[in-house]
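Here's a quick tour of how this one is put together on the inside. Have the model open as you read.

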Amino acid sequence: MPYLGSEDVVKELKKALCNPHIQADRLRYRNVIQRVIRMPKLDQWGQAEVLNFLLRYEPRSEEELFDILNLLDSFLKSSSPGVVMGATKLFLILAKKFPHVQTDVLVQVKGPLLAACSSESRELCFAALCHVRQILHSLPGHFSSHYKKFFCSYSEPHYIKLQKVEVLCELVNDENVQQVLEELRGYCTDVSADFAQAAIFAIGGIARTYTDQCVQILTELLGLRQEHITTVVVQTFRDLVWLCPQCTEAVCQALPGCEENIQDSEGKQALIWLLGVHGERIPNAPYVLEDFVENVKSETFPAVTMELLTALLRLFLSRPAECQDTLGRLLHYCIEEEKNMAVRDRGLFYYRLLLAGIDEVKRILCSPKSDPSLGLLEDQAERPVNSWASDFNTLVPVYGKARWATISKYQGAERRGPELPDTASFATSGPLIPEENKERVQELPDSGALVLVPNCQLTAEYFEKTWFSLKVAHQQVFPWRGAVHPDTLQMALQVVNIQTIAMSRAGAHPWKAYLSAQDDTGCLFLTELLLESENSEMQISVKQNEPRTETLNSFISVLETVFGTIGDIKS
Amino acid sequence: MISQFFILSSKGDPLIYKDCILDLRGRSGGPGWEWCPRARLYRWLLSCSSTRSVRGDSGGRDVAELFYRKLTGLPGDESPVVMHHDDRHFIHIRHSGLYLVATTSENISPFSLLELLSRLATLLGDYCGSLGEGTISRNVALVYELLDEVLDYGYVQTTSTEMLRNFIQTEAVVSKPFSLFDLSSVGLFGAETQQSKVAPSSAASRPVLSSRSDQSQKNEVFLDVVERLSVLIASNGSLLKVDVQGEIRLKSFLPSGSEMRIGLTEEFCVGKSELRGYGPGIRVDEVSFHSSVLLEEFESHRILRLQPPQGELTVMRYQLSDDLPSPLPFRLFPSVQWDRGSGRLQVYLKLRCDLPPKSLSQELSGPEQKAELGDGALHWDLPRVQGGSQLSGLFQMDVPGLPGPSGQGPSTTAPPLGLGPASLSFELPRHTCSGLQCSPRRGPHIVSELCQACDGAIPRSPWSLLVHPALQGEGRYTGERGPRG
């Protein structure tokens with residue numbers, strides 16, 4: 001238990017905050033909160049801790065909810081960012097049914113967040129920027145008037161600049177688009193190639209809404225004839241043409257000449273795709289592709305050759321006279337000389353397709369050239385505040401949602417793997433369940449008030465003594481199919497904090513296992529599992545050192561769920 | 001909850017390592033599993049890699065090494081602030097060349113943890129005098145003692161200097177480098193010279209807890225106003241963005257419990273609507289105060305009352321953007337000439353300092369003025385700039401094959417495309433940009449009244465108030481971004 005301030009009273013209060021009896025009584029609960037937040041000794045760490053604890057309480061009525069919000073309002077104005085963010089999270093979660101309250105809270109927290117974004121500590125600045133992005137996902141216009149705060153400065157580290165560019169990209173609106181684009185254009189010529197490319201992609205993102213201005217800027221960038229810039233600009237063009245067909249004309253005019261400055265695979269693929277799909281509007285498209293075909297032998301990336309095949313075939317449909325010879329040479333090379341199987345197969349496929357007749361080729365190859373609906377779909381990704389409220393002020397926004405998912409998946413796998421001690425968070429998390437643990441809880445829908453203590457570890461001797469001294473409190477028979485896999489069973493039991501004391505070998509007849517568990521009140525559950533060889537039934541006998549039926553029933557249902565789950569896995 | 005805390009030097013050598021294991025992983029690896037009758041469980045625990053690495057013989061050295069390896073091997077687009085390995089998250093801050101790292105296995109609040117790390121940095125600085133590789137390695141015992149008190153099994157107990165001083169027994173080892181400056185502040189026959197009124201720059205870097213027997217414990221208060229200025233200027237000279245982040249920092253060596261009043265000028269106003277007095281006033285956009293500051297008299301008399309704990313404290317933070325009342329301290333006039341035929345690029349930079357002649361900008365990087373070309377950028381370091389003076393530099397570079405605006409003659413004044421902005425960073429002592437003008441002799445207006453302590457229990461020795469206002473700035477001038485063809 002964390003230590004709050006110097007007094008034991010604080011500890012007591014914290015216990016009280018988790019006490020269901022007090023939570024049931026509104027006035028008492030309010031008094032407790034009041035006493036806690038007025039504690040003079042409660043420093044910022046204590047405040048953050050208390051706010052974290054309050055997350056577990058769910059107010060019963062609207063009135064009570066607003067009572068609590070009013071009591072805690074002063075925390076939003078604290079000078080410590082940790083406390084402010086903790087309070088924000090609590091408010092967002094408590095007010096999950098009141099979007100206007102949530103918006104109000106986010107308006108209030110704007111000041112502290114912006115201050116943290118320009119704070120001297122880079123690390124704090126980074127964390128704040130990640131949270132700003134999180135908020136922007138739901139409220140796109142929230143920081144638009146403060147766009148200047150997110151302009152990068154020269155000496156900032158790379159990761160902060162990248163975050164700021166992302167933020168700029170998301171907060172753009174009619175009023176600031178000019179200034180933001182001007183600023184982003186400055187970044188495109190940055191010394192760091194990575195940063196320059198990120199800025200160009202950002203302009204590409206903005207171009208979905210403000211197409212004309214952005215295409216103009218991107219076209220100007222092509223004039224620099226820098227390799228790392230040209231390749232990214234062409235990739236941006238490709239994505240843009242697909243999403244916003246209205247800019248095709250401008251892009252086609254900008255393209256000639258940039259093939260000289262593209263060396264990498266991604267850029268080449270993008271350029272070849274553009275030439276193939278929109279080749280009828282680019283006068284020299286066949287000749288550019290011809291150059292690529294000439295050099296196809298020295299081409300190191302198979303993906304480029306494949307793209308070239310498709311593009312040339314497409315262009316052949318619209319400008320057959322100029323492409324026929326080149327296409328023939330390319331097909332010949334791909335089929336006769338190419339060593340890469342995928343490329344050769346593609347070549348053979350197109351060859352046979354051509355044999356089927358030109359109408360057939362047209363029917364198959366002439367797909368739509370753009371898909372504006374895709375852009376709209378991406379715009380609608382605006383998520384409600386409630387979808388991330390529980391992630392606010394945690395590591396999730398700092399890692400990014402996608403990376404967090406891989407991390408927690410990895411951790412989840414590890415936890416289900418051989419080593420399973422980390423179940424305390426499950427046992428103590430109470431009503432507020434972290435995202436990652438949800439699925440596990442669904443396995444135990446009706447465990448009720450029963451909370452099993454994670455690290456209850458009995459010695460075998462003690463178990464034996466207790467077992468013989470107690471009477472069987474409950475006996476039940478579960479249906480069971482096939483043999484038992486002790487490892488699986490032991491793992492599954494460990495997940496729900498039931499400890500295995502002893503177990504027969506797999507395949508033994510009769511098969512037996514002894515389990516023990518302890519709940520938070522100290523009540524012991526000792527269990528014997530017995531599987532007779534001919535029976536298709538698992539017989540369980542539970543002994544309890546304090547006779548209480550309701551916990552016993554929940555314990556049985558936990559066991560039942562475990563067996564059910566294992567049965568599912570096996571079948 | 002923190003699992004481990006360690007401090008690494010800038011080169012990755014572990015200086016301090018503390019295991020705060022109450023982590024479950026640690027618990028399962030601790031005593032309590034040996035009796036377990038099932039050999040399989042035993043094997044699991046032994047073969048579990050993270051158990052081994054935590055409980056390894058090297059005393060956590062490998063965790064620290066792992067962190068440094070991850071940090072240095074990080075791909076460019078990922079942030080090093082939070083990293084993970086297995087199910088351990090590393091969160092660190094960099095402070096005066098040191099890495100302060102905490103590891104945790106929980107999904108903890110990043111803000112609280114970062115705050116805790118920087119608070120630890122301040123605490124260590126307070127107790128050891130200053131924070132640095134040398135001071136930490138000289139005071140290992142003290143640092144461990146401090147960490148033991150602050151982190152109780154990974155939970156924060158207290159970080160207040162007041163509380164901690166009751167528990168800390170070790171005294172800080174301070175090495176006092178010989179400095180000519182100390183000598184020069186001693187006047188003839190011990191008379192007070194003009195200079196002795198100014199504290200030497202190292203005065204503030206001494207431990208808060210001077211030894212109990214020390215008679216000469218001075219009651220001193222250091223008050224700094226530090227502003228960070230970032231400015232963006234368009235090519236036509238207009239200000240695009242001005243952002244001032246200011247702090248009033250207090251370092252107190254007063255006995256605890258003494259009350260202090262900081263009077264701000266009455267013209268100080270917060271927000272755009274509020275206007276006080278007749279003059280232009282000092283206006284800031286937003287202010288936040290430390291939680292120990294009492295604001296009863298702030299509305300009426302602009303007085304901050306506080307009982308500062310010993311050590312460093314940020315009394316007030318303020319922000320100001322857009323409307324800057326005073327002119328910028330520097331102006332940069334760039335011009336670029338480019339000879340297209342030979343590829344020769346001439347950059348002419350003229351820097352004017354608009355400050356009164358007496359003020360100096362502090363040394364930036366070295367004693368010598370130097371200019372070098374690296375990382376695709378031109379660096380020009382100036383050790384100091386006299387107020388009211390003007391400096392200019394002419395740089396010639398041969399850059400063949402630079403693309404330029406098309407359709408122009410071989411020699412042109414139009415700069416080539418892709419020439420980035422100019423960026424200027426500087427430090428200015430005794431000058432602040434906020435509010436109205438700051439005269440260096442009287443100190444900034446923002447601290448206009450002397451701190452008065454009015455606690456009868458304390459002996460009335462004259463407290464010296466030392467004011468070190470400073471301005472750190474970074475301007476970015478996009479001046480030479482010329483017209484495009």
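Over all chains of this predicted model, the disulfide count comes to zero. Take Cys258(A): a disulfide needs two cysteine sulfur atoms within 2.5 Å, but the closest cysteine sulfur, in Cys252(A), is 11 Å away, so that's too far for a bond.

| Cysteine | Relative accessibility | Class |
|---|---|---|
| Cys258(A) | 4% | buried |
| Cys323(A) | 1% | buried |

On to the nonpolar cores. The largest one has 181 residues, and Phe150(A) and Phe237(A) have the most contacts inside it. Which helix supplies the largest share of this core? That's H5 of chain B, residues 110-128, with eleven residues. Back in chain A, Phe237(A) touches a run of leucines, Leu218(A), Leu222(A), Leu255(A) and Leu274(A), along with Val215(A), Val251(A), Ala254(A) and Thr219(A), leaving aside residues up to four places away in sequence. Another core, of 28 residues, lies apart from it and includes Leu450(A), Leu493(A), Ile540(A) and Val558(A).

Now for a helix pair in chain A. The axes of H7 (residues 99-117) and H8 (residues 122-138) come within 8 Å, crossing at roughly 145 degrees, and the crossing is left-handed. H7(A) brings Leu106(A), Leu113(A), Ala116(A) and Cys117(A) to the contact, while the H8(A) side includes Leu124(A), Cys125(A), Ala128(A), His131(A) and Ile135(A). Sorted by class, the contact has ten nonpolar residues, one polar and no charged ones.

Technical notes:
Residues are numbered from 1 along each chain as its sequence is written. Chains are lettered from A and ligands numbered from 1 in the order in which they are written. This is a predicted model: local features need pLDDT of at least 70, side-chain atom pairs count only at pLDDT 80 or more; totals for chains, interfaces and linings use all residues. Side-chain values use heavy atoms; hydrogens and water are left out. A nonpolar core is a set of buried Ala, Val, Leu, Ile, Met, Phe, Trp, Tyr and Cys residues joined through side-chain atoms within 4.5 Å. Buried means under 20% relative accessible area, exposed over 50%, partly exposed in between (1.4 Å probe, protein chains only). Helices (H or I, at least four residues) and strands (E, at least two) are DSSP runs, numbered from the N terminus. Contact means heavy atoms within 4.5 Å. Axes are lines fitted to C-alpha atoms, for helices over the stretch in contact, and angles run from 0 to 180 degrees between N-to-C directions. A crossing is left-handed if the near helix is turned anticlockwise from the far one by less than a right angle, and right-handed if clockwise. Ala, Val, Leu, Ile, Met, Phe, Trp, Tyr, Cys and Pro count as nonpolar, Asp, Glu, Lys and Arg as charged, and the others, Gly among them, as polar.
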